[in-house]
Amino acid sequence: MYAQLVDTGVTKVRTAEDMSDDERRFQQRIDDGIRIESKDWMPEAYRRTLVRQISQHAHSEIVGQLPEGNWVTRAPTLERKAVLLAKIQDEAGHGLYLYSAAETLGVSRDQMLADLHSGKAKYSSIFNYPTLNWADIGAIGWLVDGSAIINQVPLCRCSYGPYARAMVRVCKEESFHQRQGYDILLKLCNGTAEQKQMAQDALNRWWWPALMMFGPSDAESLHSAQSAQWRIKLFSNDALRQKMVDQTVPQAEFLGLSIPDPDLKWNDARGHYDFGAIDWDEFYNVIQGNGPCNRERLGTRVKAWEDGAWFRDALAAHAGKQSAGQPAERQVA
Amino acid sequence: MSEWPLWEIFIRSQHGLAHKHVGSLHAADAAMAINNARDVYTRRNEGVSIWAVPATHIAASSPADKGPLFEPANSKVYRHPTFFPMPEAVKHI
């Protein structure tokens with residue numbers, strides 16, 4: 001998902017016997033559905049795992065602006081430009097809500113950015129694919145934001161209060177993103193044969209990377225089991241992926257587009273769609289930095305950060321000078 | 001240079017409710033904190049007024065003090081009107 005393959009740092013799922021008294025009380029609170037807040041006692045592994053998960057999620061929001069930014073000046077109408085700009089602005093906001101949630105765990109913003117820029121921290125594999133034509137912007141909203149919603153709605157109920165609250169804000173805004181994507185494709189599919197072909201081409205390229213967003217099957221994963229016990233992961237990768245396929249296939253049929261999977265078919269007995277095998281070699285290759293756009297995406301982020309350094313410093317220096325002169329007090333309204 | 005300071009942001013919505021904490025952000029000074037809060041927290045008409053408070057200026061109770069601070073209220077149910085059952089016949093009370 002936006003956070004993939006999150007390491008919990010544990011070597012086996014903690015059982016009641018492994019736990020200290022503090023840890024048992026902590027786990028009991030989680031089992032009782034009581035939210036953990038930043039000043040509450042928490043196991044170090046829980047804190048570190050959340051920092052990894054939330055910062056990876058935040059980085060995905062920020063890097064996720066780049067494939068779309070490419071199309072702000074190229075969007076076909078002024079209205080489409082304005083809408084895309086608003087969506088990209090939302091992504092910046094989502095990144096900020098998430099960075100703020102991670103900061104409540106005692107990690108600094110600068111540290112998180114340094115980890116992104118050095119390649120130590122990851123972001124979602126999906127943003128390392130190129131946006132080659134306008135229909136790709138439709139496919140991203142529909143499939144990528146659609147998948148993000150499936151992942152994020154349960155996280156509104158996760159055990160860590162600041163993360164859950166950030167997710168509530170994100171989810172409120174996310175369905176606009178999915179609809180604007182579908183709207184782009186609807187327009188193309190009702191247009192000329194060439195326009196419909198553009199939409200089909202985008203679906204062909206984005207379908208499998210979108211399914212990979214949920215990560216490999218974690219049925220056997222120790223980290224996923226520990227995260228589930230901590231209630232910072234509420235459903236398995238496979239369950240979420242199945243949900244995405246089930247809800248998306250009828251939407252593709254409405255558009256008159258075909259899903260690029262010869263093995264896709266409805267399974268009456270399961271009540272779900274069966275679908276073909278995912279190329280996990282491709283997924284690991286992208287995660288390891290060898291996707292089509294990894295170097296370009298990270299290079300763009302690092303350049304933006306470095307080019308903006310003088311400006312951030314100047315604003316801080318100006319603020320320091322002003323506050324030295326007179327206390328900037330405002331009447332509380 | 002070090003990171004810009006952290007500000008806690010409070011927004012008052014249109015319906016006459018009190019300012020409510022919505023989140024935090026980094027900004028070099030108060031004016032920038034309010035501008036950024038406008039962009040981040042009121043993109044969909046969520047508010048008509050913004051407070052930005054330096055996070056370092058917020059004093060917070062500690063979770064360890066939860067007992068001494070809040071438990072005394074538990075035994076004082078008579079502070080709620082429902083503590084006093086009223087006869088059916090008595091109206092407007």
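**The contact of chain B with chain A**

Q: How many residue pairs are in polar contact between chain B and chain A?
A: The count is ten, with both residues at pLDDT 80 or more. A polar contact is a pair of N or O atoms within 3.5 Å; within protein, one must be able to donate a hydrogen and the other to accept it, and residues adjacent in sequence count only if both atoms are side-chain atoms.

Q: Which elements of chain B supply at least two residues of the side that touches chain A?
A: These are strand E1 (6-12), strand E2 (20-26) and helix H1 (30-41) of chain B, as DSSP runs numbered from the N terminus (helices H or I, at least four residues; strands E, at least two). H1(B) gives the most, six residues.

Q: What are the ground rules here?
A: This is a predicted model: local features need pLDDT of at least 70, side-chain atom pairs count only at pLDDT 80 or more, and totals for chains, interfaces and linings use all residues, while side-chain values use heavy atoms, without hydrogens and water. Residues are numbered from 1 along each chain as its sequence is written, with chains lettered from A and ligands numbered from 1 in the order written.

Q: And how many salt bridges between chain B and chain A?
A: Four are counted (Lys or Arg side-chain nitrogen within 4 Å of an Asp or Glu carboxyl oxygen). One of the salt bridges joins Arg44(B) to Asp90(A), with the closest N and O atoms 2.5 Å apart.

Q: Changing topic, what is the strand order of the open sheet in chain B?
A: The order of its three strands is E2-E1-E3, with antiparallel pairing (at least two DSSP bridges between two strands). E1(B) and E2(B) are joined by six bridges.
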